[in-house]
Amino acid sequence: MRRPGPRNDLSAPLRPADLLAAREPALVWALMAVVALLAWVLVVGQARGMAAVPGTMGMALPLFLLLWVVMMIAMMFPSVAPVAITWARSIGRSSAGAVRVARLTEFVCGYLLAWTAFGLVTYGILAAAGPLVAEHPDLGRWLGAGAFLLAGFQQLGPLKDVCLRHCRSPMGQLVRYAGFRPRARDLRVGLHHGLYCVGCCWGLMLVLVPLGVMNVAAMAAVAVVIFAEKLWRRGPLFATVVGVAFLALGVLAAVDPTLPWLLPGLTTPQQPTPDMPDMPDMKMPGA
């Protein structure tokens, strides 16, 4: 007598958990896109009342770091979504529900911790540059030229290549992350990946010093460059083109002192000359 064969999996109804797992990448993408969009709304709203001037724009360190983290969420979350999806799937194999959410939150916090550390460095650069430019206005273009040149060399250097390869193909590292000790593993994984991300993009963030840290157009352009470098198939070639462009801008800023549009973050705004009151017509005696 012939035994019935195994039931065809295609005819079996999908369980809710299977449906959720199938839709998880799209859900994570959507969630990170919404968070990034909200961050952009906050950044644009804050930037409206702030001019691109040298220095820290009057912000104390805690306020600057808070705004910096929001900026990093807006600029980096779209490009880090594939890694977050991959790690979320890894987490889903061993945890569910609130535990899973908490672990993914740890991963994101670790990632942002790396960028917060770089925010401290950025604040130090701004705090030092502000008084220098105020005292020696001509120094601004040399600082700006140095920032563009340094960013250009970073784009073309070996560290950029190593970190970009990690960000574009993180599977090998994520497999190694599975061997981390369970205690605070997700926080350390996020921090480790965040450091690679800083190593890949610190030059791009450095150009915000001459362009203006609160320059929304510059932030949007840098975010597009980061997204293309990490997710576009021609990302490495694009990174090289951007590096050459930075070198050209650095030379241009050094040789032409009449380019305030290129260095708004390092140009002291000109104080308007007060209008002189109209003088009454004076008549000479006997006229």
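Trainee: Why is Cys163 called buried?

Mentor: Buried means under 20% relative accessible area, exposed means over 50%, and partly exposed is in between, using a 1.4 Å probe and protein chains only. Cys163 has 4%, so Cys163 counts as buried. Before we go on, this is a predicted model, where local features need pLDDT of at least 70 and side-chain atom pairs count only at pLDDT 80 or more, while totals for chains, interfaces and linings use all residues. Residues are numbered from 1 along each chain as its sequence is written, and side-chain values use heavy atoms, with hydrogens and water left out.

Trainee: What makes Cys109 partly exposed?

Mentor: The relative accessibility of Cys109 is 41%, so Cys109 counts as partly exposed.

Trainee: How many disulfides does a search of the whole structure find?

Mentor: The search finds zero. A disulfide is a pair of cysteine sulfur atoms within 2.5 Å. For Cys163, the nearest cysteine sulfur is that of Cys200, 6.3 Å away, and Cys163 is in no disulfide.

Trainee: Now the rings, please. Why is the pair of Phe148 and Phe246 called tilted?

Mentor: Rings of Phe, Tyr and Trp (its six-membered ring) pair if their centres lie within 6.5 Å; planes under 30 degrees apart count as stacked, over 60 as edge-to-face and the rest as tilted. Phe148 and Phe246 are 6.2 Å centre to centre with 50 degrees between the planes, and that pair is tilted.

Trainee: Which parts does this pair tie together?

Mentor: Phe148 lies in helix H4 (residues 139-156) and Phe246 in helix H10 (residues 235-255), so the pair ties together parts that are 98 residues apart in sequence. Helices here are DSSP runs (H or I, at least four residues), numbered from the N terminus.

Trainee: What makes the pair of Trp232 and Phe238 edge-to-face?

Mentor: Their ring centres are 6.0 Å apart and their planes are at 70 degrees, so the pair is edge-to-face. Trp232 has 42% relative accessibility and counts as partly exposed, and Phe238 is partly exposed at 24%.

Trainee: Which residues form one aromatic cluster?

Mentor: Phe64, Trp68, Trp115, Phe118 and Tyr123 do.

Technical notes. Helices (H or I, at least four residues) and strands (E, at least two) are DSSP runs, numbered from the N terminus.
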